[in-house]
Amino acid sequence: MYEATSWQPDIKNLLPFEHEPNTKPFWEIEFDNTSTIDHSKTKLSIYFRDNAFTQTELLSTQDDQVQALIHQIRKSKIISNHESIANKLLALFNFAKEENPTSPGIAVDSLSNFYDFLQLYTNIKNPTLSLSPDYNNIYASWRSKEKLFSAHFLQNGDIRFVLFKPNNRHPKRKIRITGTATSDTLTEITTPENLNDWVFDERR
Amino acid sequence: MKGDKIPDSDNIARFCRPWQAPEGEIQATAFMLRTGEESLSVNWLEFLKCSNRKNEIREIQRIYSETLSVSVNARIAILNVGEIRNIVRTESPDNRNIEVLHDPIPGGDQSHSGVYNLKQDNEFIAELIVEAIRENHPARYE
C-alpha cells in the first residue's frame, strides 16, 4: 500500500489518466489541446493503483502530483525529448528532496506551467533544467555558442525569460532581452526566427 | 574587516547546489537570491592566503564540509570580482552597480563575503554572472 504521507521517488505505480469506473479523483487538472492556454480551466485527473487487484487510490500530496506530472511528460507522445526531460526533472526532484525532505522538491504549479509550455512547443530542443532557490520553480535554458534563451516558469502561469544573442550588425555587442510572458504569447514577443536552431528544431 | 570592499582583482567562490548545477553545469539559478536574503553568499579566495588556486579550492571545500551539507554533485563557481561588477554594470538595463563586500561570520567562516545590490529572482543579472564564471570545481571535500 502506498504511504501518502512519505516521499517515495518510485513512480512505477502511478497510472495517470487511467480512468476506472466508480472512482472519483481527489484533484483534477484538465489539459487544453488548443493553441492558447486558459489557466482557469487547468485540471488533471490522476488515479493511482497499488496493485493489480485493488481499487484506485487518491493522490493527495504535492510530491505525488509532481511525480505524476513527470510521469505524464515521460509518457507523452507529442513532447520532444520527453524521456530525457522526465529524467532530468526526476533527478532535480531527488536532489532537492535529498537535501531537504520537507521541501516541495519541485513546485507543482511551476511544473504544470512547464508542462503547458512543452505541449505548446512540441519541437523544443532538449533544455538544461535547474531549480530556482526560493520556491523550487523550473528554470530551463538553451545555450548554443553565443546564444542563450532561459525561461523561469513561475507558479502563476507566467514565464520570465532572458534572451542573449549576438548583434550581427555590431559584432562586439550582444542583444540582451528580458521580459515576462505566458507560454502562448512567448513567440509573439521573441519571434520564432530568433529562437530557431538552438531552442526550436526547425525540422519538426 | 566586515564591510570592506573586495578588490576587483580578487576572486570569489560560490557554492552551487546540485539542482543549480545539473550534470556539473552551473546555471543562473545558482546566482539568484532567496526571499529575505540581502546578499549572495560567497567566499573570498585571497583572504585564505593559500599559495595557489588548488589549495584555495581545497580550503573552500573544507569550509563547506564544516558548514553545509555537500552533495557529491554540488559545485564551486569561481568568479573574478572586477569581471562580474563590470559585466553587470555595462550590460544590465539599469547599469546596476553590484558590490562585493567582506562579511565574516563571527566565530565562523572568516572568508565569508556577500555580493550586494542584487534583487530576488533577477534572471537577467544571474545570467550575466554565469557568463563571467572562470572556473567550475567539485564542492565536496574528499
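User: Axes here are lines fitted to C-alpha atoms, for helices over the stretch in contact, and angles run from 0 to 180 degrees between N-to-C directions. At what angle do H1(A) and helix H2 (residues 82–99) of chain A pack?

Analyst: The model is predicted, so local features need pLDDT of at least 70 and side-chain atom pairs pLDDT 80 or more, while totals for chains, interfaces and linings use all residues. Residues are numbered from 1 along each chain as its sequence is written, chains are lettered from A and ligands numbered from 1 in the order written, and side-chain values use heavy atoms, without hydrogens and water. Helices (H or I, at least four residues) and strands (E, at least two) are DSSP runs numbered from the N terminus. The axes of H1(A) and H2(A) lie 7 Å apart, and their angle is about 160 degrees.

User: Which orientation class do H1(A) and H2(A) fall into?

Analyst: Angles under 35 degrees count as roughly parallel, over 145 as roughly antiparallel, 65 to 115 as roughly perpendicular and the rest as oblique. The angle between H1(A) and H2(A) is about 160 degrees. These two helices are therefore roughly antiparallel.

User: How many charged residues are in the contact of H1(A) with H2(A)?

Analyst: Contact means heavy atoms within 4.5 Å. Residues on the H1(A) side include A:Asp63 and A:Arg74, and those on the H2(A) side include A:Glu83 and A:Lys97. Ala, Val, Leu, Ile, Met, Phe, Trp, Tyr, Cys and Pro count as nonpolar, Asp, Glu, Lys and Arg as charged, and the others, Gly among them, as polar. The contact then divides into eight nonpolar, three polar and, as charged residues, four.

User: How is helix H1 (residues 62–75) of chain A oriented to helix H3 (residues 108–120) of chain A?

Analyst: Their axes are 10 Å apart and the angle is about 15 degrees. Among the residues that meet are A:Leu69 in H1(A) and A:Tyr115 in H3(A). H1(A) is thus, relative to H3(A), roughly parallel.

User: What hand does the crossing of H2(B) and H3(B) have?

Analyst: Helix H2 (residues 81–91) and helix H3 (residues 123–131) of chain B have axes that come within 9 Å and cross at roughly 135 degrees. Their contact includes B:Ile84 of H2(B) and B:Phe124 of H3(B). A crossing is left-handed if the near helix is turned anticlockwise from the far one by less than a right angle, and right-handed if clockwise. The crossing of H2(B) and H3(B) is right-handed.

User: How many salt bridges are counted between chain B and chain A?

Analyst: A salt bridge is a side-chain nitrogen of Lys or Arg within 4 Å of a carboxyl oxygen of Asp or Glu. B:Glu131 forms one with A:Lys174, at 3.1 Å between the closest N and O atoms. B:Glu123 and A:Arg160 form one at 2.9 Å, and this pair runs from helix H3 of chain B to strand S7 (residues 158–166) of chain A. Between the two chains the count is seven.

User: What area is buried between chain B and chain A?

Analyst: Buried area is the accessible area (1.4 Å probe) that two parts lose on being put together, summed over both. The contact takes 25 residues from chain B and 27 from chain A. Carbon and sulfur atoms give 52% of the buried area, which is about 2,500 Å².
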